[in-house]
Amino acid sequence: ASRFFGDFIPLMPYMALYFSSIGLSLSRISVLFMIWAGTVLIAEIPTGILADRVNRKKILIIARIFKLLCFVIWLISPTFSGLLIGFISWGLGSALESGAFQAYVFDLLMQRNQKDEFQKIYGRASGWSYTGLFLSALVSTLLISQGYSVLLKIGILSLLFSTFCLLTLPSTVNSNEPKHTSWKITQLFSLVTPAGILMALMIGITAGGIKGTLEEFYPILLFGKHIPLLYIGLVIGIFEAMKIITSML
């Protein structure tokens with residue numbers, strides 16, 4: 001439920017079109033997506049270290065609140081500055097979650113002597129995330145005629161419920177929690193410099209960021225080809241349906 005409602009955000013298929021509707025140029029929209037991906041890139045390593053030192057359930061809750069704040073800010077301040085601040089908040093939430101979710105699932109299964117179930121449980125959880133995106137795309141096609149603010153409000157309510165679901169999860173003990181509590185910046189370099197790990201990490205994060213950012217421009221491309229808004233939502237939904245199948249398999 002926490003994964004499903006964390007991604008049940010009907011605005012997602014029409015996000016770029018929403019930015020365009022409030023008067024942003026394509027270049028400004030591009031800047032927003034760059035900031036979004038850049039925030040995740042910069043925050044990925046520090047938040048990963050944080051997830052090893054703080055209770056991971058708390059990290060997941062904070063991450064969801066950061067994502068929730070993004071859409072609240074967008075609803076209150078639909079301006080370039082408001083969208084920019086929202087994207088930074090969302091980027092921080094994404095970085096926090098990516099550093100903690102897999103580890104939380106592993107720790108929880110370790111506590112229950114079910115660590116061999118990790119791949120299955122993680123794949124299923126990812127599948128529910130994509131299911132949230134898929135169904136929100138279908139819902140958005142039905143509600144897009146009501147305006148973007150309706151889609152935003154549904155997403156906010158969904159993220160609130162997702163946060164509540166995270167609160168009900170059991171806490172875990174970090175399986176790889178450091179024995180000492182002090183931390184120095186030099187330790188960061190000792191973690192990422194051997195054998196080109198830093199280079200591989202940056203290539204992976206950057207490639208993922210570029211891929212994710214390009215996906216956000218599909219609606220603008222389709223809209224420019226005079227595809228009705230209803231069908232744009234369905235096309236995005238098909239993308240998510242393929243991800244559901246892959247994750248569940």
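Trainee: What lies over the face of Phe80?
Mentor: Arg28 does, at 4.3 Å from the ring centre. A charge sits over a ring if NZ of Lys or CZ of Arg is within 6 Å of the ring centre and within 35 degrees of the ring normal. Please note that this is a predicted model, in which local features need pLDDT of at least 70 and side-chain atom pairs count only at pLDDT 80 or more, while totals for chains, interfaces and linings use all residues. Residues are numbered from 1 along each chain as its sequence is written, and side-chain values use heavy atoms, with hydrogens and water left out.

Trainee: And which ring does the charged end of Arg3 sit over?
Mentor: That of Phe101, 3.7 Å from the ring centre.

Trainee: Is Ser129 buried or exposed?
Mentor: Ser129 counts as buried, at 5% relative accessibility. Buried means under 20% relative accessible area, exposed over 50%, and partly exposed in between, with a 1.4 Å probe and protein chains only.

Trainee: New topic: how many aromatic pairs are there?
Mentor: A search of the whole structure finds 22. Rings of Phe, Tyr and Trp (its six-membered ring) pair if their centres lie within 6.5 Å; planes under 30 degrees apart count as stacked, over 60 as edge-to-face and the rest as tilted. The rings of Phe4 and Phe5 have centres 4.9 Å apart and planes at 85°, so this pair is edge-to-face. Trp36 and Phe87 form a stacked pair, 4.9 Å centre to centre with 25° between the planes.

Trainee: Why does the pair of Trp36 and Phe87 tie together parts apart in sequence?
Mentor: Because Trp36 lies in helix H3 and Phe87 in helix H5, the pair ties together parts that are 51 residues apart in sequence. Trp36 is buried, with a relative accessible area of 12%, and Phe87 is buried at 0%.

Trainee: At what angle do H3 and H5 pack?
Mentor: Helix H3 (residues 26-51) and helix H5 (residues 80-111) pack at about 30°, with their axes 7 Å apart. Axes are lines fitted to C-alpha atoms, for helices over the stretch in contact, and angles run from 0 to 180 degrees between N-to-C directions.

How values were computed:
Helices (H or I, at least four residues) and strands (E, at least two) are DSSP runs, numbered from the N terminus.
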